[in-house]
Amino acid sequence: MSAQNTAAATLAAKSSAQSKALTPIAWKFPITYSILALVSLIFFGLIGRDGETTFRIATGGDLFAIPDVVVSSTVAGLVLSLILVIMAAASIYLALKRITLAGWFPMVFGILFVVSFLAWAGGGSGGVIPLTTLLAGALALSVPLIFGAMCGLVGERSGIINIAIEGQLLAGAFLAAVVASVAKNPYAGLLAAPIAGALVAVVLTFFAVKYWVNQIIIGVVLNVLVVGVTSFLYSTVLTQNPGLWNSRQQLPNLPVPLLSDIPILGRVLFDQNILVYIMYVVVIALQIFVFRSKWGLRMRAVGEHPKAADTVGIKVNFTRVRNTLMAGAIAGLGGAFFTVGSGLAFGKEMSAGQGYIALAAMILGKWNPKGALLAALLFGFSKSLGNTLQSIGTPVANELLLMLPYIVTVLAVAGFVGRVRPPAAEGVPYVK
Amino acid sequence: MTKVFGSFVANDHIDLTIEPGEIHALLGENGAGKSTMMNVLYGLYDADGGEILLDDKPVTFAGPGDAVAAGIGMVHQHFMLVPVFTVAESVALGYEPTKSLGLIDLAEARKKVREISSRFNFNIDPDALIEDLPVGAQQRVEIIKALSRNAKILILDEPTAVLTPQETDELISIMRQLKEQGTSIVFITHKLREVRAIADSITVIRRGKITGVASPDSTEAELASQMVGRQVSLTTEKDDADPGDATFQVRGLTVVDKAENVVVDDVSFDVRRGEILAVAGVQGNGQTELAETIIGLTDPRLGSITLDGKDLVGKSVKDRLGSGIGFVPEDRSTDGIIAEFTIRENMILDVYDRPPYAKGLNLKSAVINDEAKKKVEEFDIRLGSVVDPIATLSGGNQQKVVLSRELGRELRLFIASQPTRGLDVGSIEFVHKRVIAERDAGTPCLIVSTELDEVYGLADRIAVMYSGRIVGIVDADTSREALGLMMAGVPADEALAATAAPEENSTATAAPEENSATTSAEETK
Amino acid sequence: MTTDISPAAPSPAPPPSTEAEPGKEPNLLQDILSGSWLVSVLAIVVALLLGGVLIAVSNAEVVEAAMNIFAAPGVFFSTLFSTVGDAYSALFRGAIFDWDARTTERAIRPLTESLVSGTPLILTGLGIALAFRSGLFNIGGQGQVILGATIAGYLGYALHLPPVVHMLIAAIGGMIGGAIWAGIAGVLKARTGANEVIVTIMLNSIAGYLLGYLLKQSWFTHTDSANPQSRTLDDSSQMFLLLPSPFRLHFGFIIAILATIFVWWLLERSTIGFEFKAVGANPHAARTAGISVSKVTILVMIVAGALAGLGGAAQVLGTEFKLTGGISGSIGFDAITVALLGRSKPLGTFLAGLLFGAFKAGGYLMQSQTGTPIDIVLVVQSVIVLLIAAPPLVRSIFRLPTPVLKRKEA
């Protein structure tokens, strides 16, 4: 009896100690901030590069003419770095007090760090950083990623892993280009693209739901299949008569009155073609419908706990197939951005791995439309930054910047960046 | 209101009638067929015969949706709740109140939860996430779910299996309230006290058949004997144990699961050489975790496990197997065998890297083959070839493969969890013989079983576990009634005293077992 | 069905065949009867037919003839058969034996070219197959090939060693490169439960950019060329030829054969392979039997990566002789299909690698002689793998009986 009492007492003491003890100090973020702040201080500030960096904000035809901002590279680096150091110190202080940082903190920190970096990178050669171009490029590079990530998200939330986003983007790009070219109308391509994406999804769900083939395998193989079919048709049909089959068609820009006149952001966000506006609508609609609608509730139930959904009369497999097809259509639209969205003819393998980055964006965004949007924008920005820096000739290698999204994603799935939890039942065929 | 059942796989011609506004307990051991029956009733499985009458009208359910529409609600043993949903979402799922555009009217959903919650004092926040709720609260969400669809009959499948005693008390008062408001309740359980506390009528099921209808004023002893049956189906011949030193000792062992629940609570016992200690108890009272902790699959929070004077805590599974433990896991198909592997590969699953099966990194194919054939002979395993996948064997023969592997080497301790679960009578007898032979060879044996027949067939001493604790360690000739009470948590001395008082009880039940009245009250702790 | 409750979400139900695995002793007849070989052959037939359809509809002459099918059906069919037939016969001549060639040498050269193309596919495919057998989805063949090629190539021109020794050291360097790259995914999976599919996909891209970066650094490329490529490898590091020039068949093919035997030994005859397969088939039972699942996870990825890295090394040391951004081609992804077609078995993977190598080699001749783009090979390959993954589909196409599993339930 005494043994039992002691054991119980020990346990009780342990549990009460646990509840009394404060949660452990979260060192991960303060340390990250500190390292970044120090990097900025040492490399961009103290070592620095002589010369001036010009931030070009205005582009021709703006409502307001905003002059270029010219800063001394080292001064800007030092000032910004000091702010970063202060922020890092604040994060340590708050961590010691066990106060969670507000959501704006990492954003502001990140923006300041990037500006500090740009000031450094632009220095020396007296480089001009065209801000508007940088941001516009970021958005353009993000559009297919965002569509792709939304596609992956809807599929996986329904319980179907979709590695074939890459193939769906490519198929969308192909069909959009061909149909637009034949019809001599880019909007016709816009209608055709979702069909191509959905067709890939048909194959995916056919094998996944009917034959329970592993979804990862189907996805990987489908990507190869789509590359094969589109490249084959490109080399045979499209190149024989490019005027008929593969002429360039571009969706015209439709500037939104007033909004598009806002400097920088207005230009970037609201002087775009319809595909970009569709993207806004898709993201906003998904953010609302995934979490607040009957459709979204059932979709999440099917992806998390299909048996529970079954016990309340929801048709699990039907729901999965329907949603995955819809998701495929979304990815197809994203593919259209490569061709009619950008005014380009179709080219072999032109999706160039973007589908995999879209997958990464979805994971980093924790299967939330909003999060996936931000992650895709981040990826698009880092790529655009790489392009910009390459064009102004800076010491940082393009490739290292391009690697960033993938490294961040690896760290994310390994649990270094918050907890990533996929839908519980994804990839598991539902068999009654 | 009448429901009639005919024959289907797990249920053999079961008739059951539930009156409006009554609490009907369905009492039976695990695997007796209670849950299967209720799943048929709820439209999840199809019946292979028989019919369901609702208010004297025959009804057929194509799926759970039909059953719900007919006013039947079910709270499954494993909750059908999506962990990442809020309470309001969980209740709404499948029956969502919607506004325009298919958006869910969450205000309406919350209102419904609050309404039912306050009617029964459930105290559930409609915006809480399911995964953040304690199990008892999750169960109340399930009940709200059923009630929100106007269930007139509520099936509760093992509702107390996962609850603490306090939560169980709360549930019982909730059931009373429901009954007062006219809801019929089918209460599936194997816990005697709860049945006596709440049920209006009791049906006892054993091996898919109704073995009796009892009234709530039956004694626990009566119910226990009806539930566990009294036919002595297996008489394994064995000599009395000749116990030697207590080479295996467990002291103050405490195991905590991931959710910080204490699943094994300060357990201490010895097993001596040449004796079989059987751990009896209703499934889910910590026996599985006890066995897994001894072999090293889980680490204990407190306590020590000593074999031949060496402490095993902190050692790897491989080390423990190496120090001479043979282990037959409870879930054969998941932990005991690899279905895709051949029979001979399964025979070396945990000795593949030791002589004579391996030399360096090389597997010695010929030796493995020969040994496999020898074992097939020795253990009378019926098979085509030792290179067939083990999945082609029957359960009994699969278990023989596991036994041949675990008993096929010199052992210092033998542990078997549910060694005969799902086996036919012939195989059971064989397994028992082998275990006794191992005992006679001087190995201390620890057998975990929920089957009382098996416990009696094998044990030299019996330890009964209830909610993680050892309620008592008693002699093998303790009466079934006493064991039944102990399995329900009654301390050993009380249980023995209650059943030792002769002739007062057990008039309703069949012929008493010969040793029931003469059980000695001595406890061997 | 048993569900995998390993920490990572998508439960990798082992890809190899949903049918009963044939016994350990390879029994060809039994295999054919059980239908898995038959399904493979039929899948190849269906895929070639589908490819034929694609060739036909993309051919202007065939389409034109089809428009007049009612007026001249004979013309349509003769055009159809000649177009598709020409393409496939060119494929065959490019892959196995060119009966149109002027010299014997040239006639048998295609076969050796197929072996050359097949070599890296076999090596990398073995790495993927090994991981599949152990329940891990190594989608990272591409990254591991790149790392293997990068390190092997670098050692090939940066070091100066005697022949053979140099080659072996470069090849070992390639193995280490692949092993490290795959090992990252293995360690993350074992330590944090990070899903190996996602991690290996990401590592593929990272490897690509890493190579792209290195090829712009003159300290790495040992050349001042403006092109992103390295210096040519030292002769001493190149894999020696097995047949005199113009044949290109090199020592890498012998390595591929040895690797196949090694993987066979590992999986079928060694205690390590026993652990690999046990963890792959049933991690719970493996753990109960005292096998450390996390140790196995890391080891599997390291061995798989080493094989893929060797594939990359064979490509650079045996065929390319210098590092370029496209050194890996699509070997990493093709190898996945090779492993799947080979049902994740060493011999099967070897044969599948030869087949896909033949497709690749033949595809070039087909493209140059008949104008049928080599991309058709991708279509045929992927259709084959899709069909093989769903044997019931192939059986229903050919109305084959479903094999009865003699599985008794207790």
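Analyst: Burial is a count of neighbours: a residue is buried if 20 or more other C-beta atoms lie within 10 Å of its own, exposed if 12 or fewer, and partly exposed in between, with C-beta atoms placed from the backbone. Of the 432 residues of chain A, 53% count as buried. This is a predicted model, in which local features need pLDDT of at least 70 and side-chain atom pairs count only at pLDDT 80 or more, while totals for chains, interfaces and linings use all residues. Residues are numbered from 1 along each chain as its sequence is written, and chains are lettered from A and ligands numbered from 1 in the order in which they are written.

User: How many helices and strands does chain A have?

Analyst: Helices (H or I, at least four residues) and strands (E, at least two) are DSSP runs, numbered from the N terminus; chain A has 17 helices and 5 strands.

User: Why is helix α12 of chain A described as largely enclosed?

Analyst: Helix α12 (residues 294–304) of chain A is largely enclosed by the rest of the structure because 11 of its 11 residues are buried, among them A:Trp295 and A:Arg298. These buried residues pack against several helices of chain A, including α5 (131–157), and also against α3 (87–92) of chain B.

User: How many residues of chain A are in contact with chain B?

Analyst: Two residues are in contact if their C-beta atoms, placed from the backbone, lie within 7 Å; 21 residues of chain A are in contact with 22 of chain B. On the chain A side, α1 (2–20), α12 and α13 each supply at least two residues.
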